[in-house]
Protein chains: 2
Amino acid sequence: MGERRKLDGETKARMEARATVMKALAHPSRLFIVDELSRGERCVCELTEMIGADVSTVSKHLALLKKAGVVLDERRGQQVFYRLRVPCILNFFGCVEVVLEEVDRSKLEAVS
Amino acid sequence: MGERRKLDGETKARMEARATVMKALAHPSRLFIVDELSRGERCVCELTEMIGADVSTVSKHLALLKKAGVVLDERRGQQVFYRLRVPCILNFFGCVEVVLEEVDRSKLEAVS
DNA sequence: CCATAAGTTGGCAATATAGCCAAAACCTCT
DNA sequence: AGAGGTTTTGGCTATATTGCCAACTTATGG
């Protein structure tokens with residue numbers, strides 16, 4: 001006994017898989033997209049106008065989210081609509097907000 | 001009415017704050033650290049041995065997690081112990097696993 | 001078929017991350 | 001103070017990410 005856990009191949013592979021999902025969510029525009037899609041499906045043109053970046057940029061963000069399994073796309077006519085694939089993603093942000101509050105709180109304490 | 005939501009300054013700032021936290025979690029080694037810390041506090045040397053990277057590398061990962069508000073550190077003698085600051089972080093991974101299962105499932109469907 | 005609109009893809013330049021080594025900073029013990 | 005163990009920081013290179021433009025694809029409507 002006393003064998004210490006290691007970041008072996010299997011564990012590493014699992015962490016890399018998780019990291020792929022987290023990376024997909026680790027960008028302001030993509031977080032905005034997820035937040036917006038939580039209210040319902042949106043086409044690329046709508047998201048593009050809201051974000052105010054080039055269409056190609058938004059398209060690449062969406063492709064990344066799709067590849068990570070966070071969103072689904074569906075073409076209808078000229079437009080492509082995206083929607084959240086996994087609703088539980090939203091639970092993330094509750095905790096993220098808790099973290100942010102902690103950070104704020106400790107900054108205030110540092111002053112006092 | 002009909003005013004479309006925009007990624008304005010305030011929203012952008014909030015998304016950037018969230019992205020900082022997500023970025024901190026968007027790396028295999030850091031995810032491993034969080035997973036390991038969920039079992040209890042660990043010193044830098046323990047984590048370093050488990051991960052198998054240079055101590056300086058692990059130390060920088062920990063500094064990043066700390067800056068993002070995910071972990072706390074405490075020096076005791078020569079060693080510095082780290083622990084999770086916000087337990088709800090762990091809820092993340094349940095959902096991440098759901099996403100990963102979705103991705104796997106759609107790959108299987110693509111074959112059939 | 002041609003024009004137009006919506007999205008995607010390729011390519012490039014700017015920026016950000018990651019990881020190692022070396023050096024400094026901290027602690028403990030003698 | 002000096003030795004040795006633990007952690008952080010600085011600096012550097014290699015790699016990855018981002019965002020724009022331009023070119024291409026796909027669908028609609030005349």
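A:Asp73 has a bridge partner in strand E3 of chain A: A:Tyr82. This pair belongs to a predicted model.

Now step back to the whole sheet. It is open and has 3 strands, in the order E1-E3-E2 of chain A, with antiparallel pairing. Strand E1 (42-43) and strand E2 (71-76) of chain A stand at the edges. Each has a single partner strand, so one side of each is left without a neighbour in the sheet. Helix H2 of chain A, residues 28-37, packs on this sheet. Helix H2 touches E1, E2 and E3 of chain A. Its direction makes about 85 degrees with that of E3(A).

What else is in the chain? Chain A has 5 helices and 3 strands. Along the sequence they follow the pattern α-α-β-α-α-β-β-α. The radius of gyration of chain A is 18 Å, well over the 13 Å that the globule rule gives for 112 residues, so the chain is more spread out than a compact globule. Its C-alpha trace spans about 60 × 45 × 25 Å along the principal axes. Of the 112 residues in chain A, 46% are buried. Chain A exposes about 6,100 Å², and carbon and sulfur atoms supply 51% of that area.

Next, bring in chain B. Where do they meet? In chain A, 100% of the interface residues are also interface residues in chain B, so the copies meet through the same surface.

Notes
Residues are numbered from 1 along each chain as its sequence is written. Chains are lettered from A and ligands numbered from 1 in the order in which they are written. This is a predicted model: local features need pLDDT of at least 70, side-chain atom pairs count only at pLDDT 80 or more; totals for chains, interfaces and linings use all residues. Side-chain values use heavy atoms; hydrogens and water are left out. Two strands pair if DSSP finds at least two bridges between them. Helices (H or I, at least four residues) and strands (E, at least two) are DSSP runs, numbered from the N terminus. Contact means heavy atoms within 4.5 Å. Axes are lines fitted to C-alpha atoms, for helices over the stretch in contact, and angles run from 0 to 180 degrees between N-to-C directions. The radius of gyration is taken over C-alpha atoms; the globule rule is 2.2 Å times the number of residues to the power 0.38. Buried means under 20% relative accessible area, exposed over 50%, partly exposed in between (1.4 Å probe, protein chains only). Accessible areas come from the Shrake-Rupley method with a 1.4 Å probe; for residues, only the protein chains shown count as cover.
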